[in-house]
Amino acid sequence: MKYAVVTFGCRVNQADSIGIERQLRALGGRPVGPGEADLVVVNSCSVTATADHGTRQTIRRIARTNPGARIVATGCYASRAAAEVAALPGVAEVVDNRDKERLADRLRLALGRTTAERFGAGDGACGEPIRPGTAGRTGYTLRVQTGCDETCAYCIIPSTRGAGRSVPPERVTAELDEVAAAGFEEVAVTGVHLGSYGRDLQPRGTLIDLLRLLDAHPSSILFRLSSLEPMDCGPEVVDLVARSGRFAPHFHLPLQHASDRVLRDMRRPYTGDYYRRLVAGIRERLPDAGIGSDVIVGFPGETDADAELNLAYLRESPLTYLHVFPYSDRPGTDAARMAGKVPGPVIRERGRAVRAAGAALAAAFRASQVGSVRSGLTTGGGTVVVTDNYLKVNVAPGLPDNRRVQVRITGAGESVSGTIVGSQEPPARAIR
């Protein structure tokens with residue numbers, strides 16, 4: 001069977017898609033483009049109305065260009081609006097997020113062929129494993145947690161992914177062993193609410209327990225933490241990242257808004273002052289760290305004064321990049337029922353202002369790194385190095401992807417340029 005996996009949204013979805021690919025490859029599946037595939041899995045996002053629209057467009061395009069493909073939709077949009085997605089052309093099945101881990105078994109049964117029959121037909125008893133470069137991925141995305149127990153007013157994810165659930169430590173270690181044996185040099189550690197890791201386990205664990213487990217892993221892997229809620233990024237986490245050498249100096253800490261009044265309406269469990277002190281402390285401890293954030297503009301009830309306060313903080317903050325989300329109602333959330341909706345043109349204008357502030361922060365950070373030497377990983381056919389502090393540096397070709405290097409930053413305008421000044425030969429590893 002020829003398959004394709006199309007992924008929308010966050011790193012958790014990216015990690016889920018890797019898991020789906022591992023399942024399909026283990027059954028003998030062969031990856032191809034969506035236009036050639038017998039099976040196309042569309043892993044959807046529903047964080048905004050735009051994300052829903054993107055999924056619909058993609059499914060319609062696949063059905064039009066590859067009418068013989070069996071399209072299976074999963075992810076948050078498919079879980080939130082199963083009937084709506086099932087009605088799209090070409091969709092043969094909708095798989096809820098909670099069934100993603102058993103998706104390959106469900107598909108095999110739906111196709112009416114047993115594993116033995118597939119292998120007997122020449123598909124082989126073992127498919128191709130996930131290696132660096134699979135589907136364009138140089139680093140590996142490791143999901144250690146899914147679901148969320150928070151009650152943010154704007155967020156649909158708790159209803160599409162369910163309660164928080166952590167991957168037991170022994171399973172994390174086993175997957176890491178496989179990833180290291182396959183040759184990956186960098187792993188992004190992700191979860192829907194990563195900071196809640198371990199709360200549901202017996203015995204109960206914590207995020208810092210997980211990070212210490214990763215720190216002790218007998219490999220050369222560099223770990224990059226995915227999005228952390230501000231209240232979960234305590235001094236122990238910052239201290240471990242600063243001193244261990246196993247974690248990239250890169251934090252993504254969603255602010256959402258700098259106005260305390262808007263944060264209360266959003267039901268975010270921290271204040272603007274707490275956030276300011278948190279990121280200022282990280283900048284003091286790790287002067288060259290990349291620090292990113294998410295910001296929502298146009299939340300119901302956001303006034304001009306709130307928007308100005310938000311923008312004023314962002315402009316003078318130590319953040320290095322922003323992801324800006326214009327607010328849109330998510331059916332079923334409390335925010336969708338709130339009064340004081342901000343008109344669309346006002347949301348777009350506020351979004352433009354915040355994106356401009358983010359662009360200025362990113363440009364200033366790029367300029368501050370000129371002359372420095374950073375550790376990084378080659379990607380993009382060896383023409384780009386992604387540094388530990390999350391700069392994408394254009395370099396002269398010459399090395400393959402997935403090579404750990406030292407790169408000197410030589411220029412920073414719209415893009416960053418650099419020169420490789422040292423390369424680390426990858427250790428020999430057996431594929432298990």
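In which helix is the place of Arg-25? The legends below begin with the whole chain and then turn to close-up views.

This is a predicted model, in which local features need pLDDT of at least 70 and side-chain atom pairs count only at pLDDT 80 or more, while totals for chains, interfaces and linings use all residues. Residues are numbered from 1 along each chain as its sequence is written, and side-chain values use heavy atoms, with hydrogens and water left out.

**Figure 1. The whole protein.** The protein has 14 helices and 17 strands; these are DSSP runs numbered from the N terminus, helices being H or I with at least four residues and strands E with at least two. The C-alpha trace spans about 65 × 55 × 45 Å along its principal axes. Of the 432 residues, 52% are buried, where buried means under 20% relative accessible area, exposed means over 50%, and partly exposed lies in between (1.4 Å probe, protein chains only). Contact means heavy atoms within 4.5 Å. Among contacts between residues at least 6 apart in sequence, 70% join residues at least 24 apart.

**Figure 2. Arg-25 and Tyr-3.** Arg-25 sits in helix α1, residues 11-26. Arg-25 counts as buried because its relative accessibility is 4%. The side chains of Arg-25 and Tyr-3 are joined by a polar contact of 2.9 Å. A polar contact is a pair of N or O atoms within 3.5 Å; within protein, one must be able to donate a hydrogen and the other to accept it, and residues adjacent in sequence count only if both atoms are side-chain atoms.

**Figure 3. The nonpolar cores.** A nonpolar core is a set of buried Ala, Val, Leu, Ile, Met, Phe, Trp, Tyr and Cys residues joined through side-chain atoms within 4.5 Å. The largest has 55 residues, and those with the most contacts inside it include Val-172, Leu-211 and Cys-233. Apart from this core lies another, of 21 residues, among them Val-42, Cys-45, Ala-51 and Val-85. Leaving aside neighbours within four places in sequence, Cys-233 is in contact with Leu-228, Val-238, Phe-251, Leu-253, Tyr-274, Leu-278 and Ile-282.

**Figure 4. Gln-256 in a loop.** Gln-256 belongs to the loop between β10 (250-252) and α11 (260-266). Is Gln-256 buried or exposed? It is buried, since its relative accessible area is 8%. Not counting residues up to four places away in sequence, Gln-256 touches Tyr-154, Met-266, Arg-268, Tyr-270, Asp-294, Val-295 and Ile-296. One of these, Tyr-154, also has a side-chain polar contact of 3.4 Å with Gln-256. Met-266 is 10 residues from Gln-256 along the chain, and their C-alpha atoms are separated by 8.8 Å.

**Figure 5. Pro-287 in another loop.** Pro-287 is found between α12 (272-285) and β11 (290-297). Pro-287 is exposed because its relative accessible area is 54%. From C-alpha to C-alpha, Pro-287 and Pro-249 are 9.4 Å apart in space, and they are 38 residues apart in sequence.

**Figure 6. Helix α14 and its packing.** The buried residues of α14 (residues 344-368) include Ile-347, Arg-350, Gly-351, Val-354 and Phe-365. An α-helix has 3.6 residues a turn, so residues three or four places apart point the same way. The buried residues of α14 pack against β11, α13 (304-316), β12 (321-326), β16 (404-412) and β17 (416-423).
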